[in-house]
Amino acid sequence: MLRIGGGTALHHLKYVKRSKLNLKNKIAVKIEKKAMAAGAYQHIVTNSYKSAEEVVEVYQVPANKMSVIHNFVDTHRFDRKRVSSEAQLVRSELAIDHQKKVFLFLGTGYERKGLKQTLEAFSKLDINACLLIVGRDSHLDDYKKMAENLGVFESCKFLGESNKPEIYFSIADCYVLPALYEPFGFTVIEALACGTPVVTSYNCGAKEVLNSSIATVIDQSNDIDQLAAGMTKWAEMKGNDSLQKQCRELALTLDVEVIMGKNYQQILSIHHSKNNAND
């Protein structure tokens, strides 16, 4: 069984607009083509229907040779209650008062994840709020300058990389990921596991596990007004225990034990099918 952890390498390169392939890209494409050539696999599992569509488009994999099993989340690690004390400490260190609405953007590769759109939408909000930006990008200074030009730099906190994203998901009232291209998006369900509602885009594969009671999915990543409206909606529900519970309950259906069990059953099914065919 071959599990595809994202979309195809060719689609990724298309969305990041690489005009010329480097050695790493060329090797990735070559490995992928070999792995998904007819006869090279028994079955392919993708992490979203979005990824499945890409695989079919590029490699013409038959429908009976494919399944979709969504990504998992470690609901023990990503648990607002478990990290509440540490989250409160970080919140104090960042001088964020409890009346302020807190938005979070978290990821590496700001352009593809949609930080530009997030900053533009944030600049349209007329509420007492701050935007935490966690992750890294080689053009960090450009985004800081953008925040300055939009007049929101003082309300933004560029925090760099963190090995404890669960802390920031637990501080946030809303997680924002208006991705230009995201085959699934682990961070979406990590946010939900911490009881945090999400605003993401139609281009994010994780939209397949969401519903309107805990998330807003905007039609286009560059629809700034729709993005701002989604951010406002969830900010107004700050501290809503029922909302946090619904987010957490959805994440529990994608717990690592549940999803690994599905993968295990899929492997067994393929193994039995292969044995029956050989008999």
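Ser 201 stands opposite Ile 218 in strand E9. Strand E8 (residues 198-201) and E9 pair in the parallel sense over four bridges; pairing requires at least two DSSP bridges between two strands. Strands (E, at least two residues) and helices (H or I, at least four) are DSSP runs, numbered from the N terminus. The model is predicted: local features need pLDDT of at least 70, side-chain atom pairs count only at pLDDT 80 or more, and totals for chains, interfaces and linings use all residues. Residues are numbered from 1 along each chain as its sequence is written, and side-chain values use heavy atoms, without hydrogens and water.

E8 and E9 belong to an open sheet of six strands, ordered E6-E5-E4-E7-E8-E9, with parallel pairing. Strand E6 (156-160) and strand E9 (215-218) stand at the edges; each has a single partner strand, so one side of each lacks a neighbour in the sheet. From one strand to the next, the twist averages 20 degrees.

The axes of helix H6 (residues 115-123) and helix H10 (residues 224-235) come within 8 Å and cross at roughly 70 degrees. Axes are lines fitted to C-alpha atoms, for helices over the stretch in contact; angles run from 0 to 180 degrees between N-to-C directions. H6 and H10 are therefore roughly perpendicular to each other (65 to 115 degrees; under 35 counts as roughly parallel, over 145 as roughly antiparallel, the rest as oblique).
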